[in-house]
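Here are my notes for you on this one, point by point. Keep the structure open while you read and find each spot as it comes up.

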Amino acid sequence: MANGDFFHKRSLNVQQAGGVTLLDAISKPDGAWLFFASDMPHENIRVGDGAKIAGSRSIGNAPVLDCLAPEGKPLPVFVGDTRLDVTIHKPETDLFTGLNTGFAIRNGETLETTLDWLKYHVEHHGMNAALILDRAQPGSDKSYAKKLKNKAASIKGLQRLVLLDSAAPLGKPNLPPEAHPYNVPGAPGKDRMEIPPADPWLSPLGEMQLFELARARFLNTARAVMTIELYDLLVIDDGPNVFDRATTASRGCIQLDGQQIYPWRVRPNQPACFGDHICRQFDTKETRRRWCIAPATSKENTVWRLVRVVGAPPAPDETAPYLRCMALRHPTETVSKIVPKTSLIEDKNLLELSQKLFNHKPVRTPEESAGKRKKSDPRTCIVTTMKNEGPFILEWLAFHRVIGVQDFLIYTNDCTDGTDTMLQMLQDKGLVQHRENPFRNSDLKPQHAALQAAEKEKMVKNADWLICMDVDEFINIKCGDGTLKALFQAVGDANMIALTWRLFGNNDIHKFTDGLIIEQYDSCADELTRKPHQAWGIKTLYQNIGIFKKMGVHRPKGLRPQLWENINWVNGSGKPMPSKMYRNGWRSTVDTYGYDLVQLNHYAVRCAESFLVKRDRGRVNHVDRDQGLAYWFRMNNNTTKDHSIKRMIPAVRAELDRLMSDPEIAAAHRHSVEMHSKKIQELKATENYAAFYKELTGPRMEKLSKLHSHFGANVFLMGPEVVPDEILKNEPEDIFFFTVDKGETAH
């Protein structure tokens, strides 16, 4: 074939006037198709000189008009007060008649990527023609067309190549360039990105009518048309190619399902290439849909769109996979800007594709190995942070010693009730390890600073099981004798256990007394409590075997993705947790919650008087958020009763008595109780806290604490003030539901 017949350069026949953009006007036997740019109102469009609009449709907010019009002269088109004398152009479908055609839209992809894409699909998938719509701004990439023409001619089997450009931008007007990580589905850290200005020449595609335009002007007589991007690769298999499959499909169309793939790393000072992409995400099954259609066998009344063909739905088995090479679409200096690297695993099929087909030497993922679990007598360590929690330390310590926790690493800061001195004394007696929280020497919040420091501690390094939890949380083991030994036996080979919170309310107790928390407070949330979202937060007891890089507040963080298959994570009923939780899940769902073997009793509010001190003290994680009335409302759940933890009271009392038999420990405890009581009285003497205490203990808040199951999520986000008094006339056992529209979240 002569080179002149092989390569053709074409332009959209863009016509503009008075802010109106017509992308193309293509003749048909009885008139013309008019393809307007998006966001043009249909009702404002008229035609003149005996022509009429026979039909119209909107594709992505872009009007597409079927006009009956005489041949051979411009067609007057009126959009409001603007007149366009539209020149109608003949279609060029003969360029692709009978050819297996790939249709792709270029948005900055390099010449090398384009050539690799063409060669791959010609050699391995039977493609013999391609239409490439180049979105580059006119004059911005002058050498691309010339080099493409010369170099693509050497691809054996490629019979036709048409490069189409546009004098009008085709992107979404309000978005930055498509290559920017902001436009990557699932990219990490979007809230911290510095987003560049909008650029419709480079932004994600906004003109969705282009597929119908390309069909009418070029592709309607092609044997089959495949539409994927220049950074996509169809997967090679042993069966018929996608073009052949489309011609025999039930509706002349097959669905293409794209999986995003990534490099582990691109070598410095080298552009990314197809061969670098050897990794996939282990925890996502989401696909990016495209299609391949045989125009002659599909229905006439179909509409070609970006992700589907309207009117030609494929049968469930009429699909084919493809690979979306993300570093070609979104080049960055590090792949971690477009995907969490903790989700990436090396795929042997992708590695084989890279090495054998593209003859590439990609950067491989580092090898990792998990440590071995201790079979008998494992040591369990709790890492926690405290501030002014003196009255509650000994019960919490005694309880967890009773269930089998051996080691406690406790960080404190700015204590005024003797918490720090008590813990230092307990360290001297070999009961805990106490540290000053180092957060002031970092940019971290107190809890995160403590966890970072804990990783260097011998106690943590030597632990077999680890958990980060607070002094208002109690591991309530419901199986066997209530000990960790019984729990570990019940979960078998599990190396992570999700302990789902069970929110325990104040039980309508207002005054502080020095008694056991687990005895005084037995009112709580129902097991099936999806709202507020904090109700099903989790803390994770996990084996310290190196699958994760560091501790986290709710679960270990920094998954080493090569070891993801070593994870055996179960919920509180011993049932497997889904892989989508492995990287950053922090709360249970209807499918994952479980309380049969273990739950985490969360006494977040205790009594109303103690809550005053908690509010005054502030938070160790969300330090910028007040623990006000909205927090009390969310966390104070008195819907039902749960006495399961009370079977441990005799053993806890015995251990507590043993600790308190030490005069120094007893004196330290009494001092903290006195300081706590004194602080309560100081706060209640202020106008602000007196009013707050009155509101906490009033009948309205008491009633609301028993109605949680009747409220929608937005009620908890916005606070108790949104609940009308009329609702409070209902009783907890009544059948009703109340919610509000989402507004500003109260803390």
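1. Start with K641 and D522. Their side chains form a salt bridge, with the closest N and O atoms 2.9 Å apart. The pair links distant parts of the chain: K641 is in strand β34 (residues 640-641), while D522 is in the loop between α13 (517-520) and β28 (523-524), 119 residues apart. Bear in mind that this is a predicted model.

2. Buried or exposed: what is D522? D522 has a relative accessible area of 8%, so D522 is buried, given that the cut-off is under 20%. K641 comes out as partly exposed, with a relative accessible area of 47%.

3. D522 also meets K646 in a salt bridge, at 2.8 Å from N to O. K646 counts as partly exposed, at 24% relative accessibility.

4. Another pair to find is E368 and R560, where the closest N and O atoms are 3.8 Å apart. Why does this pair tie together parts that are 192 residues apart in sequence? It does so because E368 lies in the loop between α7 (348-357) and β22 (380-386), whereas R560 lies in the loop between β31 (557-559) and β32 (569-570). E368 counts as partly exposed at 35% relative accessibility, and R560 counts as partly exposed at 23%.

5. Now for a sheet. Five strands make an open sheet in the order β2-β3-β4-β7-β6, and the pairing is antiparallel. Which strands sit at the edges? They are β2 (15-17) and β6 (52-59), each of which pairs on one side only. From one strand to the next, the twist averages 25 degrees.

6. If pairing is new to you, strands of a sheet pair through backbone hydrogen bonds, and they can be parallel or antiparallel. For an antiparallel example, take β6 and β7 (residues 62-68), which are joined by seven bridges. S56 has L65, in β7, as its bridge partner.

7. Helix α4 (residues 210-219) lies across β3 (20-28), β4 (31-36) and β6. The helix runs at about 30 degrees to β3.

How values were computed:
Residues are numbered from 1 along each chain as its sequence is written. This is a predicted model: local features need pLDDT of at least 70, side-chain atom pairs count only at pLDDT 80 or more; totals for chains, interfaces and linings use all residues. Side-chain values use heavy atoms; hydrogens and water are left out. Two strands pair if DSSP finds at least two bridges between them. Helices (H or I, at least four residues) and strands (E, at least two) are DSSP runs, numbered from the N terminus. Axes are lines fitted to C-alpha atoms, for helices over the stretch in contact, and angles run from 0 to 180 degrees between N-to-C directions. Contact means heavy atoms within 4.5 Å. A salt bridge is a side-chain nitrogen of Lys or Arg within 4 Å of a carboxyl oxygen of Asp or Glu. Buried means under 20% relative accessible area, exposed over 50%, partly exposed in between (1.4 Å probe, protein chains only).
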